[in-house]
Amino acid sequence: MQLTKYEEDMYNGEYGEGKAECMEILVSLGKIYDAEKMIPITSAQVSGVSYKTIGDAGLDFVVDLGKKADVTLETMLNPAGVDIENWQELGFSKEFTDKQIDIINGYESIGVMSTCTCTPYLIGNTPMLNEHVAWSESSAVCYVNSVIGARTNREGGPSALLAAIVGRTPYYGNHILENRVADMIFNVDYDFVNEAEIGALGYYVGQIVNDKKPYFRINKNPGRNNLKTLGAALASSGAVSLYHVENVTPEADYSRCHDSFEELETVTVDKNMIEETLEQLTTTDKIPDLVCLGCPHASISEIQEVANLVKDKKLTKDLWICTSKAIKSISKQCGYLDIIEKAGGKIVSDTCMVVAPIEELDYEVIGVNSAKAANYVPNMCKLDVVYDTVENLINMISE
Ligand SMILES: C[C@@](O)(CCOP(=O)(O)O)CC(=O)O
Ligand code: SF4
């Protein structure tokens, strides 16, 4: 791998032990993928935050790194395991919360912004077309590659963090333009009408393509909220980091630019496939005792939709909408928070139904409108899920 003089100096410790250790790991990673060089990045997004997923070993890693290194560019953090302000009201333990706060303090000691969200692109970390970044939460990776057109591999939390410290990442995979072309076509042959169907489409296709780059022909623009949902699902049932939607995503035209595009394997997705997937993602016929929305974290327009659905209603079960503190603050400013709380719901920030230890609370059935959450909650929380639209889920728990 060819390094610049500056990169060599970092590698050789001219800029401190911390940067040297980061460069050594990133150069080794680059050699595994035959990267010819390192490239500068403009932003990072770091997963591996919840005490539920990284434990004491992860806490020690972050605290230790904080003693010898600092990030050198805009770096945001993935969700934590609790709502930092409202952990007690939600029922989480002080022991877990104390450990979680130690992890967040550890990341802050490295200069990482403790935004605790998987939707950094909704709160200002919005790269431009063709920018090179190092992001690690799988839904965020899929969105920044596909909907924004910036370039990142599906980094691990640590490799994204190390890249943020040295300002470099190995040049391979999605960073190389020729690797961003489509390699499988999906003709979506039905009029989807809601987010649950879009999520089911992503879950179904993700299982087929694994880490390929699917090219979708869909008869109408799904819109940014549904593209966020589609990418999360593709990245959870498969390992998709980049997809294209004809006439919608920024690189769709370029993605067809290879000789054999028309010969690519092509699948037609019809309503039966989607309906089977919708059923497959629900694990019980019971009513949810917690409806948990916002996976990936909810946008302000998704929260507005919830407020409109619960306005003047009384909820009979718990309702959480997971999002970032920044979006929660806008929700308060717009009056949506008051409407939701008046109905009995909560806007929960900093965490989500997958990385929070909700299995330690008294819930048995979680209602979700995210195919990713429907996929992960039974596995990571050992709880049943009802997968449906936000409208149907709220009707299930309203008087
Ligand atoms: C399931 C997921 O969204 C949450 C867990 O994230 P973390 O690695 O604990 O920050 C991770 C991912 O999909 O990248
Ligand atoms: S599981 Fe969903 S809400 Fe949680 S971090 Fe991943 S995308 Fe975000």
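Some ground rules. Residues count from 1 along each chain as its sequence is written, while chains are lettered from A and ligands numbered from 1 in the order in which they are written. In this predicted model, local features need pLDDT of at least 70, side-chain atom pairs count only at pLDDT 80 or more, totals for chains, interfaces and linings use all residues, and side-chain values use heavy atoms, without hydrogens and water.

Now the sheet. It is open and has five strands, in the order β12-β11-β10-β13-β14, with parallel pairing. Strands are DSSP runs of E, at least two residues; helices are runs of H or I, at least four; both are numbered from the N terminus. Two strands pair if DSSP finds at least two bridges between them. Which are the edge strands? They are β12 (346-349) and β14 (384-387), each pairing on one side only. Neighbouring strands of this sheet are turned by 30 degrees on average, direction ignored. Axes are lines fitted to C-alpha atoms, for helices over the stretch in contact, and angles run from 0 to 180 degrees between N-to-C directions.

Look at β13, residues 365-368. Four bridges join β13 to β14 in the parallel sense. V365 stands opposite D384 in β14.

Next, helix α13, residues 325-333. This helix lies across β11 (318-323) and β12, at about 150 degrees to β12. Contact means heavy atoms within 4.5 Å.

Finally, ligand 1. What surrounds ligand 1? Its neighbours include S47, G48, T53, S136 and Y376, each with a heavy atom within 4 Å.
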